Amino acid sequence: MRRSSPAGSKWLPLALASLVLCSGCSFLPRPSKLSGNRAFIAYWPPGPNSKGLKLAVKDNIDMKGVVTTAGSEIFSVTHKPAKKDAPCLAIARQRNVQIVGKTNLTEFAISPSGMNEYFGTAVNPLKRNLIPGGSSSGNAVAVASGEADVAFGTDTAGSCRVPAACCGVVGLKTTHGLISLRGVHPIDPQHLDTVGPMGKDIDHTVRGMELLQGGFAGKYAAEKAARRSGQTIRIGRLKLKGTDPNIDQAIDEALTKAGFQVVQLGDDFAQKWNQAKTDGNTVAAAGAWISDKKYQLALGVTARTKAVILTGQVSYTTNYRAALRRRTAWQQTLADVFEKVDFIALPTLQKSPPEMPLLNLRIGILEGLVLQMQNTVAVNFAGNPALAMPVPVKNEKIPVTSLQLIGPRLSEAGLLNAGRIVESAVKE
């Protein structure tokens, strides 16, 4: 099989940066539309005597009676309130869970930094000058700041796991096709898009998953009973070039404390992972163009978003079909690995979250940087589930980094049980 060259693997983020820089004249400072930490686009604070779970919903998911903005000015001023809830809210409605707001995100959910020029960028609670991560930035900030216990987000290339990693919370990317995508503003629903929970810890993420899939709590309880300790779980450890050594060390220490049986995955698998990352980014970019090309020249859409859509058009006309042809082989590669191990472990991000740019002109470069440092999109390209959770790290900008655990299809309960074991171990 022909492999992309190293230069080709960097093409997408560099093209994005170049396009945005070329559009720099459109990046003028504008006042934020939101106050406070800017986690919520619409916020309904609970009353003083309110008890029970507080749920936040990313504002690309329809909620009856509320405008779905998808983080965009054009939607906020032209769209009417949704006529009905997205199906993924059905269980929460049946159980009368308190929904406290619709959360902020990058425009159309297509950029990984978490920055939003129209509503204002949600503020990272761990350190204000660091990006919150995207696209589910408001979810991560709302959960990390205690304004929500659980949040429903979407994950196309890492949009739950990247902000979870940046803000020190838990994010679960579900198996592709498990949770309905009806009523969700799309990027690539056919291949990549998923809905999943984010929580302040593993327990709350489990509760969030139970609100998305009825009966999940029972599956999780069965996993806990079957595998109470890490000694019964085999972990395939993937190490990638370019990762901060402190972060790799933090991941290894967390796995050791959890008591897992750790097996090192070889260079051949790492090469296939990197190809899948390149292909996943290609498909995600093309999906943004397929879904949002009608907004390419629209007023009320930022220059950065237009640049992403234009980049997606280039991906669609050049590498898209070849990338999709490699998808089945990548899925089989993962299936073969899961014959030998239960889960795969690696950092969610190869480096600490970058700082917010001082100049809007640098946003394009930032997006390219985050695309390169995230270890998430290869999972979406396969359709498998993955968990991102905080673990301690030394000598970094913030006291935590993020461990990503990847599992076979429909292994969400097992992933969260493994996460429970890690969470308990690193607290000791």
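**View 1. Arg227 and Asp342 form a salt bridge.** The closest N and O atoms of this pair are 3.2 Å apart; a salt bridge is a side-chain nitrogen of Lys or Arg within 4 Å of a carboxyl oxygen of Asp or Glu. Arg227 sits in the loop between helix 8 (216-226) and strand 7 (234-237), and Asp342 in the loop between helix 13 (327-337) and strand 9 (343-347), so the pair links distant parts of the chain, 115 residues apart. Helices (H or I, at least four residues) and strands (E, at least two) are DSSP runs, numbered from the N terminus. Arg227 counts as partly exposed at 24% relative accessibility, whereas Asp342 is buried, with a relative accessible area of 11%. Buried means under 20% relative accessible area, exposed over 50%, and partly exposed in between (1.4 Å probe, protein chains only). This is a predicted model, in which local features need pLDDT of at least 70 and side-chain atom pairs count only at pLDDT 80 or more, while totals for chains, interfaces and linings use all residues. Residues are numbered from 1 along each chain as its sequence is written, and side-chain values use heavy atoms, with hydrogens and water left out.

**View 2. Asp59 and Lys102 meet in a salt bridge through their side chains.** The N to O distance is 2.7 Å. Asp59 belongs to the loop between strand 2 (54-58) and helix 3 (73-78), and Lys102 to strand 3 (residues 98-103), so the pair ties together parts that are 43 residues apart in sequence. Asp59 counts as buried at 1% relative accessibility, and Lys102 counts as buried at 0%. A search of the whole structure finds 14 salt bridges.

**View 3. Glu367 forms a salt bridge with Arg304.** Their closest N and O atoms are 2.4 Å apart. Glu367 is in helix 14 (residues 363-373) and Arg304 in helix 11 (residues 303-318), so this pair ties together parts that are 63 residues apart in sequence. Glu367 is buried, with a relative accessible area of 0%, and Arg304 counts as buried at 1%. Elsewhere, a network of salt bridges links Arg237, Lys239, Asp248 and Asp252.

**View 4. Phe75, Phe108 and Tyr295 form one aromatic cluster.** Rings of Phe, Tyr and Trp (its six-membered ring) pair if their centres lie within 6.5 Å; planes under 30 degrees apart count as stacked, over 60 as edge-to-face and the rest as tilted. The whole structure holds 9 aromatic pairs. Phe75 and Phe108 make a tilted pair, 5.1 Å centre to centre, with 45 degrees between the planes. Phe75 is in helix 3 and Phe108 in the loop between strand 3 and helix 5 (137-144), 33 residues apart. Phe75 is buried, with a relative accessible area of 2%, and Phe108 counts as buried at 0%. The rings of Phe108 and Tyr295 have centres 5.2 Å apart and planes at 35 degrees, so this pair is tilted. Tyr295 lies in the loop between helix 10 (267-292) and helix 11, 187 residues apart from Phe108. Tyr295 counts as buried at 12% relative accessibility.

View 5. Strand 4 (residues 150-154) and strand 6 (residues 195-199) run antiparallel and are joined by 5 bridges. Gly153 stands opposite Gly196 in strand 6.

**View 6. Phe260, Leu403 and Val422 touch the most other members of the largest nonpolar core, which has 49 residues.** A nonpolar core is a set of buried Ala, Val, Leu, Ile, Met, Phe, Trp, Tyr and Cys residues joined through side-chain atoms within 4.5 Å. Helix 16 (residues 412-427) supplies the largest share of this core, 8 residues. Leaving aside neighbours within four places in sequence, Leu403 is in contact (heavy atoms within 4.5 Å) with residues including Ile251, Leu255, Leu387 and Val422. Another core, of 28 residues, lies apart from this one, with Leu240, Ala286, Leu334 and Phe381 among its members.

Note on methods
Pairing = 2+ DSSP bridges.
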